[in-house]
Amino acid sequence: AQSHPYVQGLRFGYSNTGNDMDITFTSPATGHRVYSMTRDISLSSNTAKAPLQSTIRAALIKKYGPPSAPPQKVGETENYYWIFGSKGRKSCTYRCRQSNGASAALKNGVVLEIDATMYESERDPTRAASLSLQLYDYWNQNIDMVTATKELKDAAVKLYKSAKTVSAPAL
C-alpha cells in the first residue's frame with residue numbers, strides 16, 4: 001500500500017491583529033474531517049473601544065444557547081461550556097470539560113463540546129480584552145481512532161496470512 005501525505009492541522013496567525021485559528025483534522029481514513037478548532041480573538045487594545053463582557057456573554061448565549069453549566073469565574077477569566085449529546089444540549093455540573101479524550105467523552109454521551117474563555121480588560125474589568133473559543137468534535141475523533149485501529153489490525157492479519165511458513169533447518 002502506498003502512503004499519502006496529509007495535513008494533520010493548520011494554524012492561521014494574524015499577528016498584526018491578534019487573531020489566531022488552529023484546526024486539527026482526523027486521518028484520511030475517515031475522510032480527513034475537522035475534529036477540533038480553536039480561535040483566539042483580540043477584541044481591542046483600546047480599553048474604551050473594547051466590548052462589554054455582558055455584550056459578548058449575550059452573543060455567545062444567543063449563538064449556542066444557555067451554557068451547560070453556570071459560568072466559572074477564575075481570576076481575570078470567565079469560562080463557559082456547552083456540551084451536546086446525540087439528542088441535543090446536555091447539562092453538567094461545575095466541570096463540563098471532557099479532558100479525558102474522545103472515548104471517555106462518548107462514554108459520557110458527549111459528542112460535541114464548545115468552550116469559551118473571556119479575558120477581562122486590565123483597566124476596566126467590565127470590558128473584554130480577548131476571547132478564546134474551542135470546539136471539540138468527539139464523534140469524528142473517535143471514529144478516526146476506531147477506523148485506524150481496525151485498519152492496523154486488518155493489515156496485521158493480512159501480513160500474517162501472507163507469510164510463508166519456514167521450517168527450521170535440519171541439524
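Predicted model: local features only at pLDDT ≥ 70, side-chain atom pairs only at ≥ 80, totals over all residues.

Me: How many aromatic pairs does a search of the whole structure find?
Reply: Rings of Phe, Tyr and Trp (its six-membered ring) count as a pair if their centres lie within 6.5 Å; planes under 30 degrees apart are stacked, over 60 edge-to-face, and the rest tilted. On that basis, the number of aromatic pairs in the whole structure is 2.

Me: Is the aromatic pair of Tyr-64 and Trp-82 stacked, edge-to-face or tilted?
Reply: The ring centres of Tyr-64 and Trp-82 are 5.2 Å apart, with 50° between the planes. Tyr-64 lies in helix α1 (residues 53-64) and Trp-82 in strand β5 (residues 77-85), so the pair ties together parts 18 residues apart in sequence. Helices (H or I, at least four residues) and strands (E, at least two) are DSSP runs numbered from the N terminus. The pair of Tyr-64 and Trp-82 is tilted.

Me: Is Trp-82 buried or exposed?
Reply: Buried means under 20% relative accessible area, exposed over 50%, and partly exposed in between (1.4 Å probe, protein chains only). Tyr-64 has 22% and is partly exposed. Trp-82 has a relative accessible area of 0%, so Trp-82 is buried.

Me: Which cluster do the ring pairs form?
Reply: The rings of Tyr-80 and Trp-82 are stacked because their centres are 6.1 Å apart and their planes are at 20°. Tyr-80 is buried, at 2% relative accessibility. Ring pairs link three residues into a cluster: Tyr-64, Tyr-80 and Trp-82.

Me: How many residues make up the largest nonpolar core?
Reply: A nonpolar core is a set of buried Ala, Val, Leu, Ile, Met, Phe, Trp, Tyr and Cys residues joined through side-chain atoms within 4.5 Å. Among the members of the largest one are Ile-56, Tyr-80, Trp-82, Phe-84, Met-118 and Leu-133. At least two residues of this core come from each of α1, β5, β7 (112-120) and β8 (128-137). The largest nonpolar core has 11 residues in all.

Me: Which residues does Tyr-80 contact, leaving aside its neighbours within four places in sequence?
Reply: Contact means heavy atoms within 4.5 Å. With its neighbours within four places in sequence left aside, Tyr-80 is in contact with Arg-57, Leu-60, Pro-67, Pro-71, Ile-114, Asp-115, Ala-116 and Met-118.

Me: What is the N to O distance in the salt bridge of Glu-78 and Arg-57?
Reply: A salt bridge is a side-chain nitrogen of Lys or Arg within 4 Å of a carboxyl oxygen of Asp or Glu. Glu-78 lies in strand β5 and Arg-57 in helix α1, so this pair ties together parts 21 residues apart in sequence. Glu-78 is buried at 11% relative accessible area, while Arg-57 is partly exposed at 26%. The N to O distance of Glu-78 and Arg-57 is 3.0 Å.

Me: Which residues are linked with Arg-11 in a network of salt bridges?
Reply: The side chains of Asp-22 and Arg-11 meet at 2.6 Å, N to O. Asp-22 is in strand β2 (residues 19-25) and Arg-11 in strand β1, 11 residues apart. Arg-11 is exposed at 54% relative accessible area, and Asp-22 is partly exposed at 25%. The residues linked with Arg-11 in the network are Asp-20 and Asp-22.

Me: How far apart in space are Ser-44 and Arg-127, C-alpha to C-alpha?
Reply: Ser-44 is placed in the loop between β3 (34-42) and α1. Arg-127 has a salt bridge with Asp-124 (3.5 Å, N to O). Ser-44 and Arg-127 are 83 residues apart in sequence, and their C-alpha distance in space is 9.7 Å.

Me: Is Asp-137 buried or exposed?
Reply: Asp-137 lies in strand β8. Not counting residues up to four places away in sequence, Asp-137 touches Val-34, Tyr-35, Val-111 and Leu-112. With a relative accessible area of 18%, Asp-137 is buried.

Technical notes. Residues numbered from 1 in each chain as written. Heavy atoms only, no water.
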